[in-house]
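I opened this structure to look up a few things. My notes follow, entry by entry.

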Amino acid sequence: MSAGTRALETLLSALRLPFGKDGLSDGQLLALARKRDETAIRALIRRYNQRLFRLARSMMKDEQEAEDVVQETYVRAFTALDSFRGDAAFSTWLTRIALNEANGRLRRRRTMVELTEIDRSEPAAGAEIIMFPLNSSALSPEAEAGRVQVRRLLEEAIDRLPEPFRVVFILREIEGMGTEETASLLSLKPETVKTRLFRAKRLLRAELEKALQPRFSDIFPFAGKRCALMADRVIARLRGSV
């Protein structure tokens, strides 16, 4: 493995946030959620807020629209739990609902992008790796103060990726999903997922190789008060549906 590839893996691993490992299992929480247990519903919302928001944000390119997608996803899921048979993981089922909701909004907003020519294009030279500068020493106060600006640069660079590349990059490299799972969610061939990820990294290279800092675990943050407010809004809508 080259030094550049190791640098890439180090940075991407820092982007991933663990979820679903604390407390009750999804199955236990779902059993309670089916009985309209609000504590269980809130726990599931906290568990999957980050993934769903990142996915929706990558597709809508607008934080408010992304929040709307996430909220609608939860409402649809929790009002239709009886239709969830467990054939796939709850996280997969929930992610598919979010994908469908985001795609539906995009279809209403514009004509879907034609992907054929993108998929047929040949990779260009220099796409093998993204060269990321690593600095093992502690961040200086000036560098720490600039983290927000650098994070914004990264988000903007991801936003400029073509949508098919952007969604694959978010799912594979930020959320850490596997090739097969990503392919299944997006109704793509695994080879297509690999190709789009490869090209996404190539497109990001020029913008990121001089700007990234060693750790960016706070990309597209969705926690704290925003996370709690999402749970409050979903619970309020679920109460109204009884």
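**Entry 1: a residue in a helix.** I start with the term: helices are DSSP runs of H or I, at least four residues, numbered from the N terminus. I also note that the model is predicted. With that settled, I looked up Arg-46 and found it in helix 3, which covers residues 38-60. Is Arg-46 buried or exposed? Exposed means over 50% relative accessible area. Arg-46 has 52% relative accessibility, so it counts as exposed. Next I checked Arg-46 against Phe-222. The two are 176 residues apart in sequence. In space, their C-alpha atoms are 9.7 Å apart.

**Entry 2: aromatic pairs.** I asked how many aromatic pairs the rule gives. The count comes to 6. I looked at Phe-53 with Phe-222, and this pair is stacked. Their ring centres are 4.6 Å apart, with 10° between the planes. Where do the two residues sit? Phe-53 is in helix 3, while Phe-222 is in the loop between helix 11 (190-208) and helix 12 (224-241). The pair therefore ties together parts that are 169 residues apart in sequence. Phe-53 and Phe-222 are both buried.

I then turned to Tyr-74 and Phe-78, a pair that is also stacked. Here I read 6.1 Å centre to centre and 20° between the planes. Helix 4 holds both Tyr-74 and Phe-78. They are 4 residues apart, about one turn of the helix. Both Tyr-74 and Phe-78 are buried.

I also noted a cluster. Ring pairs link Tyr-48, Phe-84, Phe-90 and Trp-93.

**Entry 3: two helices in contact.** I went on to helix 4 (residues 63-78) and helix 5 (residues 90-109). How do their axes lie? They come within 9 Å and cross at roughly 130°. Angles from 65 to 115 degrees would count as roughly perpendicular, and those over 145 as roughly antiparallel. Helix 4 and helix 5 are therefore oblique to each other. Their crossing is right-handed.

Which residues make the contact? On the helix 4 side I listed Glu-65, Asp-68, Val-69, Glu-72, Thr-73, Tyr-74, Arg-76 and Ala-77. From helix 5 come Trp-93, Leu-94, Ile-97, Ala-98, Glu-101, Ala-102, Arg-105 and Arg-109. By class, I have 8 nonpolar, 1 polar and 7 charged residues in this contact.

Definitions and conventions:
Residues numbered from 1 in each chain as written. Predicted model: local features only at pLDDT ≥ 70, side-chain atom pairs only at ≥ 80, totals over all residues. Heavy atoms only, no water. Buried < 20%, exposed > 50% of the residue type's maximum accessible area, 1.4 Å probe, protein only. Axes fitted to C-alpha atoms, helices over the stretch in contact; angles between N-to-C directions. Parallel < 35°, antiparallel > 145°, perpendicular 65-115°, else oblique. Left-handed = near helix turned anticlockwise from the far one by under 90°. Contact = heavy atoms within 4.5 Å. Nonpolar A, V, L, I, M, F, W, Y, C, P; charged D, E, K, R; others polar. Phe/Tyr/Trp six-rings, centres within 6.5 Å; stacked < 30°, edge-to-face > 60°.
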